[in-house]
Amino acid sequence: VETIRVVEARRPEAIGREVCIRGWVRTRRDSKAGLSFIEVNDGSCLGNLQVLAPASLPNYETVVKHLHTGASIRALGVIQASPAKGQATELLAQQVELLGDADPNTYPLQKKNHTYEFLRTIAHLRPRTNTFGAVTRLRHRVSLSIHQFFHENGFYYIHTPIITSSDCEGAGALFRVTTLDLEHLPRQQGRVDYTQDFFGKPTYLTVSGQLQAEAYACALGKVYTFGPTFRAENSNTTRHLAEFWMVEPEMAFYELADNMNLAEAFLKRIIADALRDCAEDMQFFQERVDPHLLPRLQHVLETPFQRISYTEAVDILSRAGRVWEFPIAWGKDLQSEHERYLAEEHFRAPVILYDYPRTIKPFYMKVNDDGRTVRAMDVLVPGVGEIIGGSQREDRYEVLEERLQEQGLDREAYRWYLDLRRYGSVPHSGFGLGLERTLLFLTGLTNIRDVIPFPRYPGHAEY
Ligand code: 4AD
Ligand code: MG
């Protein structure tokens, strides 16, 4: 007998087949007529498979009638058309086997709606809920779209290092990497001698693979990196994690406008794939999380992204007739309230902001002819705010050197990076898309801790 997954067993084409399925019991209901209905989920889709267990089963009284929510079972039988609403098929069982019981007195996921806060405390069991099953399948689909999109467009996937000695964003939000040995080294006047550390110099968990991706773009043309990145910002917000996944394309011969075009096409592709291939899960988010989700995503797909300069944005915001928590002034970074106003209320569409003041952006962004702004771009979307950050890169050796100095960075540490401007320098650009911010955008969920399996944030590194 063939073992199939619930997603396959739920399709009408499965009717008539004798199969075996395995999964976890969501609920069990016993009818007076001597029949039990067991809802089984195996994670392959949102829906459950209803297993009909007749009282004639030899273990009906001893096992079936004691199946608890959360228990794992194996059931063998024939798929038949189901008269019940919301499902095309059901399994008429000839055998039901208990694999692992779940004590109803302690199993935390009883059949009721739990809060996201509570589910965060049981991150090892929350993948068994509808919401986290759907998030997980979507996260997989988005990751696949990322690889497909770049592969189809001639990009190479580069594995940039996780441990690095450079601080790409220059924001100082770094986690230091050290060995246990070093922690036990005697300290001189309380200070550790890092020349004796494993790498002979201080190293950190990467905040971005961009700088290394630039080296490869300046040889292979178009590349991307996609992996975990780390930020020790002490920001306890619903939009920040200490460990998050970022996809970073980097393209030689791309100017800022090319970069914007790519970012827009990329984001639209991710949305279109999700709507098409995760239709059932997306419908679930629409019904259970955010009733405006699907119309909003459809609208984003059909609307050209607005493109305005930082200076124009400051103008719009100062004339918005609002009292901002963070006052608006040219030269100050925009806050989430400003970004969301632009995308959600003013334009009601994604917005690409470009040409930011040089003082609030990292050293690697290309300085404009005005000398005051850099060729930065941030993509802001309704519901989330900043989802992408990128720029055209400074490709002039002298200017880059000056920028390093201006930001107090060690020239020696960036010697290799300067080399890229010394030998065969080309205009190039790239950006970073946060995977978890993308998932907030696609699901309508509002807390970033609920779209990554095991979230890391201040005070939290369980598991
Ligand atoms: O704007 P960021 O800091 O840009 C960079 O790191 C560039 N080096 C990218 C590049 O040009 N290659 O981060 C890019 C994106 C943000 O727009 C946001 O979506 C996400 O990464 N992000 C975070 N997501 C979750 N938690 C955090 N702490 C994040 N910080 C940034
Ligand atoms: Mg940014």
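I started by counting elements: the protein has 13 helices and 17 strands.

A note on the ground rules. This is a predicted model, where local features need pLDDT of at least 70, side-chain atom pairs count only at pLDDT 80 or more, and totals for chains, interfaces and linings use all residues. Residues are numbered from 1 along each chain as its sequence is written, while chains are lettered from A and ligands numbered from 1 in the order in which they are written.

Next I checked confidence. Mean pLDDT (the predictor's confidence in each residue, from 0 to 100) is 95 for the protein, with 99% of residues at 70 or more. I also jotted down ipTM 0.99 and pTM 0.96.

Then the overall build. I got a C-alpha trace spanning about 85 × 60 × 45 Å along its principal axes. Of the 463 residues, 37% are buried, meaning 20 or more other C-beta atoms, placed from the backbone, lie within 10 Å of their own.

Last stop, ligand 1. I found 22 residues around ligand 1, and S208, Q210, G389, G432 and G434 come nearest; "around" here takes a C-beta atom, placed from the backbone, within 6 Å. Strand 12 (243–252), strand 16 (385–392), strand 17 (428–434) and helix 13 (435–443) each give two or more residues to this shell. Strand 16 gives the most, with five.

Notes: Helices (H or I, at least four residues) and strands (E, at least two) are DSSP runs, numbered from the N terminus. A residue is buried if 20 or more other C-beta atoms lie within 10 Å of its own, exposed if 12 or fewer, and partly exposed in between; C-beta atoms are placed from the backbone.
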